Amino acid sequence: MKIQDHPRFQNIRKVSGYFLSLTGFLIVLTPLIGLGMCVKVLVTSSGEMDIVWFLSRCFFQADFISFETGITWPLKIFLLAAVVLTTIFAEIILFHLNKMLASFQAGDVFNVETLKNAKAAFKANVLVSVLYLGFELVGWFLNCITTHGMPGEAFSHLLGSVADIAVWLGITLLIIWTLEIGVALHEESELTI
């Protein structure tokens with residue numbers, strides 16, 4: 001019996017089809033959201049909030065996005081660059097996930113191309129996670145300087161983010177290792193037939 005004829009593969013094909021539609025929708029929606037965020041930044045009034053103030057607040061206060069005091073032009077440029085980079089990385093991840101799900105829907109789960117797409121999405125995800133944690137660490141440091149102390153809530157938020165990202169990356173790495181084993185076993189079984 002071919003591995004693609006296994007009854008579980010029918011379930012994989014069905015669920016992959018749903019997620020394939022979802023990732024296709026998100027591939028179209030993500031640039032529109034990024035464009036909307038860029039417009040929001042550009043139409044925000046000029047004012048006092050600079051990059052240091054923004055970074056010291058953005059990860060630890062829920063109301064940072066209100067920009068009540070207005071923002072400086074260097075902060076606008078910084079935010080535009082951050083939105084564009086985030087949108088590009090999100091598109092890369094979604095594109096590779098979409099290609100991987102297309103292979104799953106076709107019933108060709110354990111092939112080299114699927115593994116390459118999974119690894120490419122994982123690498124982009126690691127880069128985004130490292131950048132996010134870097135900005136959060138800088139924000140925590142700036143928060144400590146501006147509040148003249150080490151706010152425990154900000155530190156626990158930072159540790160929580162590290163734990164969340166570590167668990168997420170660990171789970172996705174386990175999935176990639178599983179795919180690698182599946183590809184190796186699939187190639188081995190084709191050689192023995």
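**Close-ups of a predicted chain**

F135 has a relative accessible area of 36%, so this residue is partly exposed (buried is under 20%, exposed over 50%, partly exposed in between, with a 1.4 Å probe and protein chains only). The model is predicted, so keep the cut-offs in mind: local features need pLDDT of at least 70, side-chain atom pairs count only at pLDDT 80 or more, and totals for chains, interfaces and linings use all residues. Numbering starts from 1 along each chain as its sequence is written, and side-chain values use heavy atoms, with hydrogens and water left out.

**View 1. The whole chain, for orientation.** Five helices and one strand make up the elements here, in the order α-β-α-α-α-α from the N terminus (DSSP runs numbered from the N terminus: H or I of at least four residues for helices, E of at least two for strands). Of the 193 residues, 35% are buried. Take the contacts with a separation of 6 or more, and 72% of them join residues 24 or more positions apart (a contact being heavy atoms within 4.5 Å).

**View 2. F78 meets F135.** Searching the whole structure turns up one aromatic pair. Its partners are F78 and F135, with ring centres 5.7 Å apart and planes at 80 degrees, so call it edge-to-face (rings of Phe, Tyr and Trp, the last by its six-membered ring, pair with centres within 6.5 Å; planes under 30 degrees apart are stacked, over 60 edge-to-face, the rest tilted). Since F78 sits in helix α3 and F135 in helix α4, the pair ties together parts 57 residues apart in sequence. F78 is partly exposed too, at 22% relative accessibility.

**View 3. Helix α2 against helix α3.** Residues 51-58 (α2) and 73-105 (α3) pack at about 50 degrees, their axes 9 Å apart (axes are lines fitted to C-alpha atoms, for helices over the stretch in contact; angles run from 0 to 180 degrees between N-to-C directions). That makes the two helices oblique (under 35 degrees is roughly parallel, over 145 roughly antiparallel, 65 to 115 roughly perpendicular, the rest oblique). On the α2 side, look for I51, F54 and L55; α3 brings P74, L75, F78 and L79.

**View 4. N111 in its loop.** N111 belongs to the loop between α3 and α4 (112-146), and counts as buried at 15% relative accessibility. A polar atom of its side chain lies 2.6 Å from the backbone nitrogen of T114. Beyond neighbours within four places in sequence, N111 touches S103 and V183.

Notes. Polar contact = N/O pair within 3.5 Å; in protein donor to acceptor, adjacent residues only side chain to side chain.
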